[in-house]
Amino acid sequence: MRLDSVHLSMLVIGVSFACYSPSLDSLQDQVYKSTVVIEGKVQSTPVNVSAEPYRVNVKVLDVWPLNSGGLKREQLVTVGEFGSEALCTKVKKNHKYIFFMDPTDEPLVFKASFAPRDTIVKSLKKDVGKILCEDCGKLMYCGLPVKSNPEE
């Protein structure tokens, strides 16, 4: 079977985009759609990603009260079930990430609701903190500030 240039280019495009997340959710959407959000440091990764379920052990470095899931700093949790993103989710041991998770039936084992975000982006942790602020001094409605006094 011979592939013409159009079909070949479509195949190449399909392969090159295979690891891009189909979700275009904003950081705010990811935070709000996740039951638990933590900053964590990867302690271990799977040896063979294709042969075993993709699960990583993570040491909790920081939690936000609104989405802590009862976790505390220094706890060790397992994050897995990355779904279709597993082959594309490459986390490195001893690196810090923001993890977006949902609980499972197992204690201290969570399902990733979105791919983790590397904290190399300096403002990321601060941005998550702003989204999960319990008492920011402003009323919020659908993520937008609302004036507490309508006459202002």
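Which residues does Ile-38 touch, not counting residues up to four places away in sequence?

1. This is a predicted model. In it, Ile-38 touches Val-58, Val-60, Asp-62, Val-63, Trp-64, Leu-71, Val-77, Tyr-97, Ile-98, Phe-99 and Met-101, with residues up to four places away in sequence left out of the list.

2. Ile-38 also belongs to the largest nonpolar core, which has 17 residues. Ile-38 is among those with the most contacts inside this core, along with Val-56, Leu-71, Val-77, Val-79, Phe-99 and Met-101. Strands E1 (36-44), E2 (55-63), E3 (76-80), E4 (96-103) and E5 each give two or more residues to this core. The largest share, four residues, comes from E2.

3. Now the rings. There are two aromatic pairs. Tyr-97 and Phe-99 form an edge-to-face pair, 6.0 Å centre to centre, with 65° between the planes. Tyr-97 is buried, at a relative accessible area of 4%. Phe-99 is buried too, at 1%.

4. Phe-100 and Phe-114 have ring centres 6.4 Å apart and planes at 90°, so this pair is edge-to-face. The pair links distant parts of the chain: Phe-100 sits in strand E4 and Phe-114 in strand E5, 14 residues apart. Phe-100 counts as buried at 1% relative accessibility, and Phe-114 counts as buried at 11%.

5. Val-121 lies in the loop between strand E5 (109-118) and helix H3 (124-131). Its relative accessible area is 45%, so Val-121 is partly exposed. The C-alpha atoms of Val-121 and Tyr-97 are separated by 9.8 Å, and the two residues are 24 residues apart along the chain.

Key
Residues numbered from 1 in each chain as written. Predicted model: local features only at pLDDT ≥ 70, side-chain atom pairs only at ≥ 80, totals over all residues. Heavy atoms only, no water. Buried < 20%, exposed > 50% of the residue type's maximum accessible area, 1.4 Å probe, protein only. Core = buried A, V, L, I, M, F, W, Y, C linked by side-chain atoms within 4.5 Å. Contact = heavy atoms within 4.5 Å. Phe/Tyr/Trp six-rings, centres within 6.5 Å; stacked < 30°, edge-to-face > 60°.
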